[in-house]
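Please take me through this structure stop by stop. Tell me what to select in the viewer and what I will find there.

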Amino acid sequence: MWKWLHPYAKPERAYQLCSTLQPYFFWPAVLCILVGSVWGLAFAPQDYQQGDSFRIIYIHVPSAILSMSTYVAMAVAALVGIVWQWRTAFMAMIAMAPVGAVVTFIALFTGAAWGKPMWGTWWVWDARLTSELILLFLYLGVMSLYGAFEDKQQAGKAAGVMALVGVVNVPIIHYSVEWWNTLHQGATISKFDKPSIAPEMLWPLLIALLGFALFIAAVTVMRMKNEIIRREYHRPWVKEMVQSAKETNHAV
Amino acid sequence: MKALWSGIFKRDLALAFRQRSELAQPLMFLLMVVTLFPLGVGPGPATLQKIGPGVIWIAAILSSLLAMDRMFRDDFWDGSMEQYLLSGQSVWAISAVKVLVHWLVSFVPLLILSPLLALFLNLTVQMYTALMLTLLLGTPLLSLVGAIAVGLTVGLQRGGVLLALLLIPVFIPLLIFATSAVDAAALQLPYRAHLAIIGAMLLAAMAAAPMAIAYALKVSQN
Amino acid sequence: MAGLTAHTLTCVKRDRVLFADLSFTLPAGSLTYLRGPNGAGKTSLLRLLTGLSPPEQGEILFNDVPIAECLPQFHASLTYIGHKPGLNSALSAVENLQYWSAQHSIGFSLDTAYKVLTTLGLVGLEDIPIRMLSAGQQRRVALARLWLKSADVWILDEPFTALDVNGIKLLETHMRSHVEQGGTVITTSHQALSEVAGPVTLLDLEYRI
């Protein structure tokens, strides 16, 4: 069933696939982010309680959602790498890690910035912010483990195991922190809780979410290309590619 | 089975008793960290009782991180690990036995020391019972999950701080459930649910961790 | 045919290809001397042969069966002595060997252990912690495994390091008698084997950039 995927385990094919996909991710991402933010920031109606400050959700919510999903994607890549012993899967995993970490940081930063007008303080131990912070720690752990090894193939496997340990923990952390939060804060209603949202607010949010997802994919694909070249630069296919690229440049 | 019993279990126990002072150091660290808290936040019995469970659990996690890499470090660097892997025994079984010995020699003394800590931090008898139960269920989890990260970092020259960075976020849920079990006990509320969750995490770790440790050790051998 | 066969092995370390498409056979009753400059991948090749690390490509056959499929049987008839002695420094020579024998499910008797250690010239040093012994003496304790376990295949990584003249001769004699009984030996060494070791097959690895 998954046979058609196997050729992409080879770095060369993976590189080609990345090159093909990159424009399809990048330009729609730019478009969606532009449309989503302009619509959300300038044209969507005000929130009747929070005024204009709610508009940060057009950045905060997509990044918060995608920080978790990027981690899951990373763990899926790691699992593929461990089970089928694909080198490229580990490369994809490590290409995602810093992207995910930055997205997590954006979610944290915007969350804190939102907290200032809402709670009057930059940091509250709100459940979602706390679990984002722990998620950031998990990302940093995977990245520093990868960086600590000199043999990058070994590094990929080690970081992959840690990513899997982390992903088992992500839901546990999420629910334990949420529960811990209700325990300690009692009646405080979470401002992030949005059971219903007006459609004219929802559409720009969904577009921004799509844009963020495509942007993460585009950056991941770019980073993966770099990673492949960095690891394989002494292989014949890279030399051939560089050679042919030079020739076309000369021709122009 | 016999190979694991007399080749690994007895060997590691013998080694542990020969290196008693090394084993005692994390415990002394634990005791001293706990001593710092009354000095730092004030000795009021109510304050101590409030922060006590958290302090004991955090100190236990930190002190266990200090000694965690003992589990595989010597074996890796002197080449015993290679010989384990070539012994024809399954690696996960060897890892499981080594984790068991690690728990016996580093956490059982901690359990024995815990009444003293409870006394220092003014815990009530109910709180102490809950603390003891959470330690009993939670510390094997520390050993099992910790062993995965130790297996991954054992080949690195300076893996000590990295080990802590990898493990602290992973231990957070355990810390939350364990301390709130003690908090519930302080309010005379039932805390069986907390224990059940910790127990569930322990069982899951017992099922999955030996495989992950074995894989990590093999990766480190590359 | 008994013995160990390597089939188109490729080894990559730190994204550098150490060797590619390497094929050879170590037949039963042969002593192979693996040579090559530093960094050519001698240790890596030996570790591939033991099954400690998987090759990037290719496979290793033990008695015509891939070792991945017969790992317990293969390890039961293998003794590997690596760079690292595999001895815990806080345990004595006898304890180290005793626990090692138990791990490898070999029958162990104190008498045999003392006899082997006597052969190796370690009389009186059996019961003191390994860290008190000199490097050469530690090497001898590590090599005692070759006397304790009756394995067909010996994979030895620089076994002569730190050994004195007598020690080298002792080991070479033992290797020769093992080969004459139909055993397979592959070894590296920074100096050539003497004629005491008997007929030698050479296997050369080149340094690749």
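The tour below covers aromatic contacts, the nonpolar cores, one glutamine and a chain interface. Keep in mind throughout that the model is predicted.

**Stop 1: a ring pair in chain B**

Select B:W5 and B:F9. Both belong to helix α1 of chain B, which spans residues 2-18. They are four residues apart, about one turn of the helix. B:W5 has 47% relative accessibility and counts as partly exposed. B:F9 is buried, at 13% relative accessible area. Over all chains, the aromatic pairs number 10.

**Stop 2: charges over rings**

Go to chain A and select A:K152 with A:Y146. The charged end of A:K152 sits over the ring of A:Y146, 4.9 Å from the ring centre. Next, select C:K84 and B:F76. Here a lysine of chain C lies over the face of a phenylalanine of chain B, 4.5 Å from the ring centre.

**Stop 3: the nonpolar cores**

Which residues touch the most other members of the largest nonpolar core? Select A:Y71 and C:L49; the core they belong to has 160 residues. Helix α9 of chain B, residues 160-186, gives the most to this core, with 16 residues. Stay on C:L49 and show its surroundings. Beyond its neighbours within four places in sequence, C:L49 is in contact with C:L4, C:F24, C:L26, C:I60, C:I67, C:F74, C:I155 and C:I186. Then pick out a second, separate core of 31 residues. Its members include C:V116, C:L117, C:W154 and C:L163.

**Stop 4: B:Q126**

Select B:Q126 in helix α8 of chain B, residues 125-153. Its relative accessibility is 38%, so B:Q126 counts as partly exposed. Leaving out neighbours within four places in sequence, B:Q126 is in contact with B:A185, B:Q188 and B:Y191. Draw a C-alpha to C-alpha distance from B:Q126 to B:L116: the two are 15 Å apart in space and 10 residues apart in sequence.

**Stop 5: where chain A meets chain B**

Show chains A and B together. The contact takes 25 residues from chain A and 20 residues from chain B. About 2,100 Å² is buried between them, with carbon and sulfur atoms giving 81% of that area. On the chain A side, select A:Q154, A:M162 and A:W179. These three lose the most area to chain B, together 22% of what that side buries. How many salt bridges link chain A and chain B? The count is zero.

Note on methods: Residues are numbered from 1 along each chain as its sequence is written. Chains are lettered from A and ligands numbered from 1 in the order in which they are written. This is a predicted model: local features need pLDDT of at least 70, side-chain atom pairs count only at pLDDT 80 or more; totals for chains, interfaces and linings use all residues. Side-chain values use heavy atoms; hydrogens and water are left out. Rings of Phe, Tyr and Trp (its six-membered ring) pair if their centres lie within 6.5 Å; planes under 30 degrees apart count as stacked, over 60 as edge-to-face and the rest as tilted. Helices (H or I, at least four residues) and strands (E, at least two) are DSSP runs, numbered from the N terminus. Buried means under 20% relative accessible area, exposed over 50%, partly exposed in between (1.4 Å probe, protein chains only). A charge sits over a ring if NZ of Lys or CZ of Arg is within 6 Å of the ring centre and within 35 degrees of the ring normal. A nonpolar core is a set of buried Ala, Val, Leu, Ile, Met, Phe, Trp, Tyr and Cys residues joined through side-chain atoms within 4.5 Å. Contact means heavy atoms within 4.5 Å. Buried area is the accessible area (1.4 Å probe) that two parts lose on being put together, summed over both. A salt bridge is a side-chain nitrogen of Lys or Arg within 4 Å of a carboxyl oxygen of Asp or Glu.
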